[in-house]
Structures are given as structure tokens and as C-alpha cells.
Amino acid sequence: MSDSRSIGTYAARLQSVAALALLMIGLSLATESFLHLDNGVNVLRQISVNLCLSIGMTLVILSGGIDLSVGSVLALSGAVGAGLLKHGVDIAPLDLHVAVTPVGAVVVGVVVGLVCGAFNGVAITRFGLPPFVATLGMLSIARGLTMLWTGSHPITGLGADFGYLGAGQLLYLPTPTWIVLGLVAVFVVVTQRTRFGRHLYAVGGAERAAALSGINVGRVKLLAYTLCGGLAGMAGILVAARLDSATPNAGVAYELDSIAAVVIGGASLSGGRGSVLGAVLGCLIIGVLNNGLVLLEVSPYWQQVIKGGVILAAVAIDRATRRED
């Protein structure tokens with residue numbers, strides 16, 4: 001990463017930290033219940049799914065793309081994993097029934113997400129579809145497949161062992177928080193210390209220059225979309241485990257929250273700038289904002305308006321910063 005880009009990233013991250021601090025100070029003055037420890041744990045649990053999605057979205061946005069399908073992929077992955085956990089697999093020719101364990105359900109959910117992400121990557125890199133169009137198509141395909149798989153009915157009764165992934169606690173922190181913290185650590189290393197990470201920034205910053213320098217742009221983008229799908233699959237498993245139910249309407253509009261978190265955390269929608277830690281800050285800001293609005297008993301309709309305004313402000317700041325650069 002160049003010095004100027006590093007300074008820009010750290011400056012954006014400092015702005016996010018300042019915004020989070022001001023938001024927390026304001027909410028602590030507005031409502032007494034905000035600073036309670038239980039409320040803090042609740043916020044961490046609530047942002048876990050968005051953070052899982054936002055890590056993958058960071059990879060895609062760093063490469064200069066966008067993924068609108070993560071909410072639908074989340075729903076499909078959670079439904080397939082939960083369905084196999086609940087009913088197992090019948091192999092009729094062998095007259096065999098194979099039960100699926102909670103670990104097996106997690107693997108299935110992640111694999112479904114990886115396949116959906118790879119489909120997006122192939123459509124964009126091999127067939128030249130714009131990311132907006134390709135992932136919008138996957139949004140519809142994955143949602144339709146979820147309806148077909150579930151019959152438009154939720155899959156419930158997934159068991160205590162599976163539920164621990166989404167609703168359990170370990171050392172006072174929610175289990176999903178530990179899981180996403182592990183993912184954050186892994187992808188911080190991937191983006192900052194590996195060749196793939198350096199190529200992500202290079203492709204997003206100047207795709208033509210990256211190609212001329214020998215970087216396989218298509219392979220970098222394909223891997224970014226595939227990983228994004230896999231993380232959406234993991235998020236789907238966390239949602240199903242937390243609710244003890246895989247619902248066909250899960251994840252609706254989740255892509256907006258993940259894009260907002262990544263942009264608020266300092267990433268540029270033009271690509272080449274941002275970080276996983278910035279996405280963590282963005283998720284915290286959105287999570288604290290959502291929690292504060294609920295505590296203040298703000299109407300859900302006004303919550304949507306306020307969140308939309310925050311997203312617009314974040315994008316406007318991004319554009320202004322790009323012009324200055």
C-alpha cells in the first residue's frame with residue numbers, strides 16, 4: 001500500500017472512530033440504558049451477522065466491484081444447511097439415510113455460499129457482466145431457490161447444539177462474536193500480509209495498470225467474489241442458529257447494511273481503498289445507531305430514513321475525499 005493511500009485509510013478510520021465516540025456519548029446522555037453491559041453484549045451479538053457479510057463485501061469493494069446478492073445467498077445457505085440438518089439426506093438407490101451433524105450443516109452452508117459467489121465471479125470475469133447486473137441476477141436466483149427449497153415455510157427445531165452457534169455465550173461474549181472475531185483476524189492477515197491482499201488493492205486502485213504489471217485480474221476478482229459468497233453462507237448459518245429457524249425471507253436488504261458499513265468504515269466504492277478493520281468500525285457505528293434508535297423508541301420507519309441519510313452522507317464524504325485525492 002502506498003504512503004498516500006495509507007494516510008487516506010488511517011484518516012478515514014480516524015473519522016469513523018470519532019463518529020462512533022460521538023454517537024456513543026450522545027446516546028449515553030439520551031438514555032440511561034445504553035451504557036449497561038448487557039446492552040453492549042446485545043449490540044455485539046446483533047452486529048455479528050452484518051460483520052460477517054461486511055468482511056466479504058470489503059474484499060469485493062476493494063477489487064472495485066459490488067455484491068448485491070449477499071442477503072439472498074445468506075438465506076439460501078442457511079436454508080440448505082438447516083434443511084439437511086433437520087431432515088438428513090435420503091439416497092434412494094442405496095436405501096440409505098444419512099444424518100447431517102451441526103458441523104456438517106455449517107460446512108454445507110459455507111459451500112453453498114462459495115458456489116454462489118463463484119457463480120458471480122465467473123459471470124463478471126468470464127462473461128464480462130457488470131458486477132451490479134451479475135449480482136442482482138444472483139439476488140433473484142438465490143431468493144427463488146430458497147423459496148423452492150423451503151416451500152415458503154420456515155425450517156424450525158434445529159437443536160440445541162446448532163443453536164449454540166448463534167445464541168450461545170463463551171466467556172460472557174456471544175458465540176457468533178467469537179466466530180466473527182476469528183474471521184476478522186484471518187482476513188486482516190489476508191488483506192494486509194498476503195499476495196492476494198496486495199493484488200486486491202492494486203486491481204481496485206488501477207485495474208489496467210495491475211493487468212499490465214502481470215497481475216491476473218480475473219483470478220483476483222473471482223476469488224474475492226467466491227470468498228464473499230462463502231462469508232455470506234457463514235452468516236446464513238449464524239442467522240439460522242440464532243433464530244432456531246431458517247426462514248425464506250431471511251437477509252432481505254442485508255446487502256445495504258453491509259455496503260453501508262464498509263463505506264462508513266472508510267472504503268471507497270471506486271475500489272482500492274479500505275480495510276477489514278474499517279468495516280468493523282462501520283458495523284459498530286450502524287449497530288450502535290440501530291440500538292440507540294430502538295432504545296429511544298424511534299419509529300421503525302424513521303429508523304429507515306435515518307439509516308438512509310447516514311449511508312448518503314458516507315458516500316458523499318467518500319466522493320469528496322476522492323476528489324481531494
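Colleague: Where is the place of Glu-297?

Modeller: Glu-297 lies in the loop between helix H12 (276-295) and helix H13 (300-324). Helices (H or I, at least four residues) and strands (E, at least two) are DSSP runs, numbered from the N terminus. This is a predicted model, in which local features need pLDDT of at least 70 and side-chain atom pairs count only at pLDDT 80 or more, while totals for chains, interfaces and linings use all residues. Residues are numbered from 1 along each chain as its sequence is written, and side-chain values use heavy atoms, with hydrogens and water left out.

Colleague: Is Glu-297 buried or exposed?

Modeller: Buried means under 20% relative accessible area, exposed over 50%, and partly exposed in between (1.4 Å probe, protein chains only). With a relative accessible area of 72%, Glu-297 is exposed.

Colleague: How should I read the phi of Glu-297?

Modeller: Most residues other than glycine have a negative phi. Glu-297 has a positive phi, near 55°. Asp-244, also not a glycine, has a positive phi of about 55°. Asp-244 belongs to the loop between H10 and strand E6 (245-246), and its relative accessible area of 33% makes it partly exposed. A glycine case is Gly-266, which follows H11 and has a positive phi near 110°.

Colleague: How many residues of helix H11 are buried?

Modeller: Helix H11 (residues 254-264) is mostly covered, with nine of its 11 residues buried.

Colleague: Which residues does Gln-303 touch?

Modeller: Contact means heavy atoms within 4.5 Å. Not counting residues up to four places away in sequence, Gln-303 touches Leu-293, Val-294 and Val-298. Gln-303 is in helix H13 and counts as buried, at 15% relative accessibility.

Colleague: Where is Ser-48 found, and what does Ser-48 touch?

Modeller: Ser-48 is in helix H2 (residues 37-62). At 1% relative accessibility, Ser-48 counts as buried. Beyond residues up to four places away in sequence, Ser-48 touches Pro-176, Thr-177 and Val-180.

Colleague: Which residues have the most contacts inside the largest nonpolar core?

Modeller: A nonpolar core is a set of buried Ala, Val, Leu, Ile, Met, Phe, Trp, Tyr and Cys residues joined through side-chain atoms within 4.5 Å. Here the largest such core has 83 residues, and Ile-55, Phe-162 and Phe-187 have the most contacts inside it. Helix H10 (residues 217-243) gives the most to this core, with 14 residues. Leaving aside neighbours within four places in sequence, Ile-55 is in contact with Val-180, Leu-183, Val-184, Phe-187, Leu-231 and Val-276.

Colleague: At what angle do the axes of helix H3 and helix H5 cross?

Modeller: Two packed helices are described by the angle between their axes and the distance between the axes. Axes are lines fitted to C-alpha atoms, for helices over the stretch in contact, and angles run from 0 to 180 degrees between N-to-C directions. The axes of helix H3 (residues 70-87) and helix H5 (residues 131-150) come within 8 Å and cross at roughly 25°. H3 is therefore roughly parallel to H5; angles under 35 degrees count as roughly parallel, over 145 as roughly antiparallel, 65 to 115 as roughly perpendicular and the rest as oblique. The contact includes Gly-71, Ala-75 and Ala-79 of H3, and Met-138, Ala-142 and Trp-149 of H5.

Colleague: What is the handedness of the crossing where H3 passes H5?

Modeller: A crossing is left-handed if the near helix is turned anticlockwise from the far one by less than a right angle, and right-handed if clockwise. H3 passes H5 in a left-handed crossing.

Colleague: How do H3 and H10 pack?

Modeller: H3 and H10 pack at an angle of about 55°, with their axes 7 Å apart, and are therefore oblique to each other. Their crossing is right-handed. Among the residues in contact are Gly-78 and Gly-81 of H3, and Gly-229, Gly-233 and Gly-236 of H10.

Colleague: What is Lys-86 in contact with?

Modeller: Apart from neighbours within four places in sequence, Lys-86 is in contact with Ile-155, Thr-156, Gly-157 and Leu-158. Lys-86 is in helix H3 and is partly exposed, with a relative accessible area of 41%.
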